[in-house]
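This briefing goes through a few features of one structure, grouped by topic. Keep the sequence and the 3D view open while reading.

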Amino acid sequence: MTDAAPQISLPTRPKRSIFAICVGIAAVAMTFVCASTVGFSFIEIWENFGRTNPVAQGLLDIRWGEMFSERSRRAFLETLQLAVLGTAGGVTASLPLSLWSTTIGNPHRPSRYVLRVFMNIIRSIPDLLWAGLFVLGVGIGALAGLLALFFFSLAVMSKLIADTLDGIDIGPIEAAHAAGASHTQMLRSAVVPQILPAFASFALYDFELNLRASAVLGLVGAGGIGTRLAFFQNQQRWDQLWGLVVMFFLVVFVVERLSVTLRRRLV
Amino acid sequence: MTAAATRPGGGGSATDRRPVVLPDRARDNFRLGLSLLFAILLVWSWWSVDLKWSRLLEAPADMWRLARVMARNIELSELGELIGLMWDSISMAWVGTLIGGVFALPLAFLAAENLVGRPVAWVVRQLFNVFRAVPEVILALLFVPVFGLSPMAGVLALGLHSIGSLGKLCFEIIENIQRGPIEAADAVGATRLQRLRWGVIPQVAPELTSFLLYRFEINIRASSVLGIVGAGGIGTKLAESIRFKEFGTAGLALIVVVVGTIAVDTVSGAIRRRIVAGPDRSSDDIDPLDQLSPEARIEAETPGSAS
C-alpha cells in the first residue's frame with residue numbers, strides 16, 4: 001500500500017436522464033421546424049440591415065419636437081387618462097374576483113372552478129387583442145381602449161394577487177372565525193389587510209404596464225398615442241414616428257423608476 | 001406588569017372585566033399622500049377624457065350583440081387556415097425566444113456582480129433595461145418596412161425584447177448561487193472558463209431553462225398580435241378581419257388564439273415544473289420565481305402583453 005498512488009474515488013456519474021434527452025431532441029426539432037416556418041435566414045437579416053432603409057434614415061433626422069405638437073400632446077394626454085382609468089377600474093374589480101377564486105375566499109367549489117377557468121381565458125388574451133375585440137364591439141375610440149385596459153389589468157392583477165393569497169398567514173383567519181366573524185367580515189379583517197401592501201404595489205406596477213399598453217392600443221383604433229403612431233406609419237413619416245417613440249418611452253422610463261421607488265417603500 | 005400593559009391607568013379596577021384595548025390605528029402619511037395623488041389623477045381623467053360615459057353602460061349589450069354575430073358567422077372551413085397561422089405565431093415566438101436566449105444567457109453572466117466587476121455588471125444591466133423598455137409591437141412597427149411583410153420582422157422584434165427581459169431574470173438567478181462550488185473549482189486550479197462551466201452553470205441550468213420556456217409562453221401572446229402591424233402570424237388575419245368587419249373570422253381567430261395559447265401553456269408548464277423539480281422530484285415545490293427579487297418576480301409573472 002505504501003508505494004501505490006492513492007486511489008481517487010470519483011463519484012459515480014449520474015445516469016443520463018431520458019427526460020432530458022427527449023426534451024433536448026424535441027427542442028432541436030422544434031427549432032428546425034419553426035425556423036423553416038418563419039423563413040429564418042441570417043443572410044436576410046444581414047442584407048436588410050446592411051441596406052440603407054427609410055426607418056434608419058428617420059432615426060438619423062429624428063424630430064424631437066413631435067411630442068409637443070398639438071395633436072400628439074392631446075393623444076399623449078388621452079393615453080395617460082386611459083391608463084389611469086383602466087388601472088383604477090381593473091384594480092378595483094380584481095380584488096373581489098381574485099378573492100373569490102381562492103379556497104379561502106370562496107368555499108363553494110363549483111363557482112370557484114368556473115371563476116378560475118374564466119380567469120385563465122382572460123389571461124391568455126393579449127392587450128391588443130382585447131383592444132381589437134372592443135373596437136369591433138363598441139366602435140373606434142377611447143372607450144374600446146378603456147375596456148381593453150380594464151380586462152388586461154384584471155388579468156395581470158388576478159395572477160399576482162392569487163400568488164400573494166397563497167402565502168398568507170392562516171392565524172388571523174382562524175382568529176376571525178373564533179371571534180364569530182361572518183365570511184365577509186373575516187375577509188375584510190383577516191385577509192385583505194395582509195395583502196394590502198402587496199396589492200398597492202401591484203396596482204402601481206399595473207399602472208406602468210397600462211401606460212405602456214395604452215401606447216399601442218391606438219394601432220387598432222382604440223385611442224391614445226398609438227393613433228398617432230399608426231398615422232405616421234401609414235404616412236411613412238419615420239422621423240416623426242421616432243420622435244414620438246423616443247419621447248414617450250423616456251416618459252415611461254421616468255414613470256417606471258418612480259414607481260419602482262414607491263413600490264419599494266410600500267412593501 | 002400584565003395588567004398595566006392592558007391599558008395605562010386602567011388596571012386595578014374592582015370589576016373582573018378588563019376593558020378591551022384596541023391597538024392604535026396605524027397612520028401613514030406616505031400612503032395617504034399616494035392615495036390622494038391617485039384620487040386627484042382619477043378625477044381629472046374622469047372629467048377630461050374624451051368619451052361619453054353613458055356609452056359605457058351600453059357596452060355589455062354591444063359586446064353581447066358582437067358575440068352573437070360572431071357565433072352566427074363562424075365558418076368552420078376557415079379553421080384549418082387559422083390553425084396554420086397560429087402555428088406561424090407559435091414558431092415566431094419560439095425562434096424569437098431562442099434569439100433572445102442566445103444573447104441574453106451569456107450577457108446575464110456578465111451582469112452578475114458575483115462573477116464580474118460592478119462597472120461591467122452595471123453597463124450590461126442598462127443594456128437589458130433599454131431592450132426591455134420598448135414594446136415588441138413598436139419594434140415590429142419599425143422592422144416591418146425593413147423586412148417587408150414577413151414573419152422575420154416579428155421574430156426580430158420578439159428576440160430583441162426578450163434579450164432584455166430574459167437577461168434581467170437570469171442574472172438575478174446567477175447572483176443567488178452558492179459560492180461553494182466556485183471556491184472548490186478555484187481550489188483545484190480551474191481557469192475562468194472551467195470555473196464557469198463546473199462551478200456556476202450546473203447550479204443555474206434548470207432555472208435558466210425554465211425561464212426560457214416561461215418567456216416562450218409569454219412571447220406567444222405577443223406574437224399572436226404582432227401581425228396587427230404587419231409582422232406575420234395570426235395577428236395579420238385578425239387585424240384584417242377587424243378592419244373589414246368579418247365578424248365570423250375574427251371570432252374564430254379569437255378562439256384559436258385562446259385555445260392555442262392555453263394548450264402551449266399547459267405543455268410548456270408541465271415541462272418547466274419537471275425540469276426544476278429534477279428526476280426524483282426531490283424539490284417539487286421549489287419555484288424558480290421565488291429566487292427573484294420582488295420587482296423581477298412580478299415582471300416575470302405578468303401574463304402576455306405586446307408592450
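**One residue and its contacts**

Setting aside neighbours within four places in sequence, A:Val220 is in contact with A:Leu128, A:Ala131, A:Gly132 and A:Val135, and also with B:Ile228, B:Ala239 and B:Ile242. The model is predicted.

**The nonpolar core**

- The largest nonpolar core has 137 residues.
- A:Val220 is among the residues with the most contacts inside this core, together with A:Ala131, A:Phe134, A:Ala148, B:Ala140, B:Ala157 and B:Cys170.
- Helix α7(A) supplies the largest share of the core, 16 residues.
- In soluble globular proteins, nonpolar side chains tend to be buried together.

**Where the chains touch**

- In chain A, 67 residues are in contact with 65 residues of chain B.
- On the side of chain A that touches chain B, the largest share comes from helix α7 (residues 142-166) of chain A, with 10 residues.
- That side of chain A is made up of 45 nonpolar, 13 polar and nine charged residues.

**A pair of helices in chain B**

- Helix α4 (residues 79-110) and helix α11 (residues 247-277) of chain B have axes that come within 10 Å and cross at roughly 45°.
- An angle of 65 to 115 degrees would count as roughly perpendicular and one under 35 degrees as roughly parallel; α4(B) and α11(B) are therefore oblique to each other.
- The crossing of α4(B) past α11(B) is right-handed.
- From α4(B), the contact uses B:Leu79, B:Leu82, B:Ile83, B:Met86 and B:Ile90.
- From α11(B), the contact uses B:Leu252, B:Ala253, B:Val256, B:Val257, B:Gly260 and B:Val264.
- Of the residues in this contact, 10 are nonpolar, one is polar and none is charged.

Technical notes: Residues numbered from 1 in each chain as written. Chains lettered and ligands numbered in written order. Predicted model: local features only at pLDDT ≥ 70, side-chain atom pairs only at ≥ 80, totals over all residues. Contact = placed C-beta atoms within 7 Å. Helix = DSSP H or I, 4+ residues; strand = E, 2+ residues; numbered from the N terminus. Nonpolar A, V, L, I, M, F, W, Y, C, P; charged D, E, K, R; others polar. Core = buried A, V, L, I, M, F, W, Y, C linked by C-beta atoms within 7 Å. Buried ≥ 20, exposed ≤ 12 C-beta atoms within 10 Å, placed from the backbone. Axes fitted to C-alpha atoms, helices over the stretch in contact; angles between N-to-C directions. Parallel < 35°, antiparallel > 145°, perpendicular 65-115°, else oblique. Left-handed = near helix turned anticlockwise from the far one by under 90°.
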